[in-house]
Amino acid sequence: MKDITKYQGVIPAFYACYDAEGNISTEGVRALTRHLIAKGVKGVYVGGSSGECIYQHVDERKAVLEAVMSEAKGKLTVIAHVGCNNTADSVELARHAESVGVDAIASIPPIYFHLPEYAIAKYWNEMSAAAPNTEFVIYNIPQLAGTGLTMSLLREMLKNPNVVAVKNSSMPTQDIQMFKDAGIAARGEGNFVVFNGPDEQFVSGRVIGADGGIGGTYAVMPELYLAMNEHINKGEIEAARAIQYDADRIIYKMCEAHGNLYAVQKEILRRMYGLELGGVREPMPGLIPEDEPIVAEAQAMIEAAIAKL
Ligand SMILES: CC(=O)N[C@H](C=O)[C@@H](O)[C@H](O)[C@H](O)CO
Ligand SMILES: CC(=O)C(=O)O
């Protein structure tokens, strides 16, 4: 039996942390890690979409992960997203992630070119082979990656004993059931995990069988997702749904800004907690003065939703 309890719960996607010049701020990384530990989350997902991975160099991604580990070791489950545009860089990050002691590595499929399934499997398996003592999480996000996880590709990947989970960001919630069924058929009950991806569907995803969630808006309002998760564990669906509605209204509000969602969230964390995490890397749009009322309103909505708990 694998220990999947470390994946059951609320796992925020970690934000990219920059200094005033736009360089990686390891101080910011450490501060955000400590902040999330204090909030009581289960783990962190480092270097994914929210980590702006595709805009960061290999050395920067290593520095971020090392800074996370310096605070999180033994306190949080750490999943390191190691996917890069080419296999060699991904393999290097996978090897590095194992050397610093992460719980799991994860990867999107190769982006831009729509490669055949055998090439995607080879890309993932080569990363996994570079971290042979580390579990592997498949990151399915077809709307951004351009390629979706098929059942045949998942079955192929399940031949690799390190494959322990799918982080599913596709929008049909029934995909969670399909992936979980296939994982359990291969591994046995209790040995395979599916994470909910779309934060707007956290409750729906958990109800249909997701063991936990990994999401880009958890870090700015972890209290709400932790409370939803607790209610679901107790079967209190109406209470969970009420908080989900609040979270969704907050997400829609944050998405109204000209600046990217991640820029909005980091600005809210700065205002609420004094966390200095910087902006976003170009070509993502940063905040503009006209975003001010949206940021202020979203912050007020978060505070009001937390106050209701
Ligand atoms: C498409 C996308 O980025 N999905 C993220 C990860 O699954 C989510 O966590 C979103 O950031 C979140 O649901 C806000 O829309
Ligand atoms: C949710 C997720 O995987 C990310 O934003 O990194």
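This note walks through two ligand sites and one residue of a predicted model.

1. **Who surrounds ligand 2.** Start with the neighbours. Ligand 2 is surrounded by A13, Y45, G48, S49, S50, Y139, K167, I214, G215 and G216. Sorted by class, this shell holds 4 nonpolar, 5 polar and 1 charged residue. Find these residues on the structure before reading on.

2. **Polar contacts of ligand 2.** Look at the oxygen atoms of the ligand. The side chain of S50 brings a polar atom to 2.5 Å from an oxygen of ligand 2. For Y139, a polar side-chain atom is 2.7 Å from an oxygen of ligand 2. S49 uses its backbone instead: an N or O atom there lies 2.8 Å from a ligand 2 oxygen. On its own, ligand 2 exposes 210 Å², and the protein buries 94% of that.

3. **Where ligand 2 sits.** Which pocket does ligand 2 take up? Its space is the largest pocket.

4. **Who surrounds ligand 1.** How many residues surround ligand 1? There are 13, and the closest are K167, S169, D199, E200 and G216. The shell is made of 4 nonpolar, 6 polar and 3 charged residues.

5. **Polar contacts of ligand 1.** Again, follow the oxygen atoms. In S169, a side-chain N or O atom is 2.5 Å from an oxygen of ligand 1. D199 places a polar side-chain atom 2.8 Å from an oxygen of ligand 1. G216 contributes a polar backbone atom, 2.8 Å from a ligand 1 oxygen.

6. **Where ligand 1 sits.** The space taken by ligand 1 is the largest pocket. That is also what is said of the space of ligand 2. Keep this in mind when you view the two ligands.

7. **A residue to check: E135.** This residue belongs to strand β5, which covers residues 135–140. Y139, which has a polar side-chain atom 2.7 Å from a ligand 2 oxygen, falls within the residue range of that strand. Is E135 buried or exposed? Its relative accessible area is 14%, so E135 counts as buried, because the cut-off for buried is under 20%. The side chain of E135 also has a partner: it makes a polar contact with the side chain of Y7, at 2.6 Å.

How values were computed. Residues numbered from 1 in each chain as written. Chains lettered and ligands numbered in written order. Predicted model: local features only at pLDDT ≥ 70, side-chain atom pairs only at ≥ 80, totals over all residues. Heavy atoms only, no water. Near = heavy atom within 4 Å. Polar contact = N/O pair within 3.5 Å; in protein donor to acceptor, adjacent residues only side chain to side chain. Areas by Shrake-Rupley, 256 points an atom, 1.4 Å probe, with all protein chains shown as cover. 1 Å grid on protein atoms, 1.4 Å probe; cavity = no way out; pocket = protein on both sides within 12 Å on 5 of 7 lines; lining within 4 Å. Sits in = over half its atoms within 2 Å of the grid points. Nonpolar A, V, L, I, M, F, W, Y, C, P; charged D, E, K, R; others polar. Helix = DSSP H or I, 4+ residues; strand = E, 2+ residues; numbered from the N terminus. Buried < 20%, exposed > 50% of the residue type's maximum accessible area, 1.4 Å probe, protein only.
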